[in-house]
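Have the model open while you read.

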Amino acid sequence: MNRLKGTGSLLRLIFRRGRLRLPLWIAAIAAFSAGYVPVFEEFLLGQTDAYFLASMMENPAMIALAGPVYGRADYHLGAAYGNMLLVFCAMFAAVMNIFFVARHTRREEETGRAELLTAQPIGRAARPAAVLLSACIVNTVLALLTAGLLQLLAGHGMTPEGNLLFGAAIGVTGLFFAALTALLAQIPENTRTLTSSALLLMLGMYLVRGAGDLYSETLARISPLGLILRVQVFVQNEWWPVALVLGLAVLLIVPAAVLSSRR
């Protein structure tokens, strides 16, 4: 337990330092994730035949951009919303987590704050534990807020379970990239290299997802961004991809915490 001594104090410090930035990030992503429901309802499905819209989304360019079409037989508002927005909302959550973790890992070491903290009576694993625990809290809040806003604005086909699944998919994707960034933080020498590497990996996963959605289901599932689309939100509401991405995040968290505490 001595290795985790001071984790609570560092966790409070992280949230105190991010008391303005974090709420803005979370609110912006949640608002983007839910705010287009009235737009879709009034200007998209309200004026466009659902069958025509589903056919348009099955265009290879659109599949590469947003993902496969689910629920084509009954392409209601919920099916269209999940189809067009889920992958982008997940990527915004990924970007937030990349910058968040980079700031509290490599950036802390560059500025010398990490040395000041480790000079205090805290355990060797306290810093990585506080960063990863704060990422878990941030993404949980993001998931719940997104689900709540979707429930508030819910249109045709947007059930409470689907709204919660949409939020959970965004949250676990964010947590995966938080863990990935924490692991990558053990390699580069500065924050810029770390954030660039993490963002390039995210872009690579997006491109793999696009190629997989067009040509190979197996290839699409290799990418967490492709895997998370298999939730088929507002259509089948599959929870196993959320559990799988969460498991991948845990697999990254363990070595990231161990390496950080030993460096």
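## Ground rules

This is a predicted model, so local features need pLDDT of at least 70, side-chain atom pairs count only at pLDDT 80 or more, and totals for chains, interfaces and linings use all residues. Residues are numbered from 1 along each chain as its sequence is written, and side-chain values use heavy atoms, with hydrogens and water left out.

## α10 against α11

Two packed helices are described by the angle between their axes and the distance between the axes. For helix α10 (residues 160–184) and helix α11 (residues 191–215), the angle is about 135° and the axes are 10 Å apart. Helices here are DSSP runs (H or I, at least four residues), numbered from the N terminus. Axes are lines fitted to C-alpha atoms over the stretch in contact, and angles run from 0 to 180 degrees between N-to-C directions. That makes α10 and α11 oblique to each other; the scheme is under 35 degrees for roughly parallel, over 145 for roughly antiparallel, 65 to 115 for roughly perpendicular, and oblique for the rest.

The crossing of α10 over α11 is right-handed, the label used if the near helix is turned clockwise from the far one by less than a right angle. On the α10 side, the contact (heavy atoms within 4.5 Å) involves Phe-176, Phe-177, Leu-180, Thr-181 and Leu-184. Their partners in α11 are Leu-194, Ser-197, Ala-198, Leu-201, Met-202 and Met-205. By class, that's nine nonpolar, two polar and no charged residues. Ala, Val, Leu, Ile, Met, Phe, Trp, Tyr, Cys and Pro count as nonpolar, Asp, Glu, Lys and Arg as charged, and the others, Gly among them, as polar.

## α2 against α9

Helix α2 (residues 21–35) and helix α9 (residues 126–153) cross at roughly 35°, and their axes come within 9 Å. This crossing is right-handed. By class, the contact has 14 nonpolar, three polar and no charged residues.

Leu-149 is one of the α9 residues in that contact. Leaving out residues up to four places away in sequence, Leu-149 touches Ala-30, Ala-31 and Ala-34. Leu-149 is partly exposed, at 26% relative accessible area; buried means under 20%, exposed over 50%, and partly exposed in between (1.4 Å probe, protein chains only).

## The nonpolar core

The largest nonpolar core has 76 residues, and Phe-166 and Phe-177 touch the most other members. Helix α6 (residues 77–104) gives the largest share, 19 residues. A core here is a set of buried Ala, Val, Leu, Ile, Met, Phe, Trp, Tyr and Cys residues joined through side-chain atoms within 4.5 Å.

Beyond residues up to four places away in sequence, Phe-177 touches Ala-94, Asn-97, Ile-98, Met-202, Met-205 and Leu-225.

## Loops worth a look

Gly-18 sits in the loop between α1 (7–17) and α2. With 3% relative accessibility, Gly-18 counts as buried. Skipping residues up to four places away in sequence, Gly-18 touches Pro-23 and Arg-103. Gly-18 and Phe-100 are 82 residues apart in sequence but 9.2 Å apart in space, C-alpha to C-alpha.

Gln-232 isn't a glycine, yet its phi is positive, near 50°. Phe-234 isn't a glycine either and has a positive phi of about 70°. Phe-234 is also buried, with a relative accessible area of 4%.

Notes:
Helix = DSSP H or I, 4+ residues; strand = E, 2+ residues; numbered from the N terminus.
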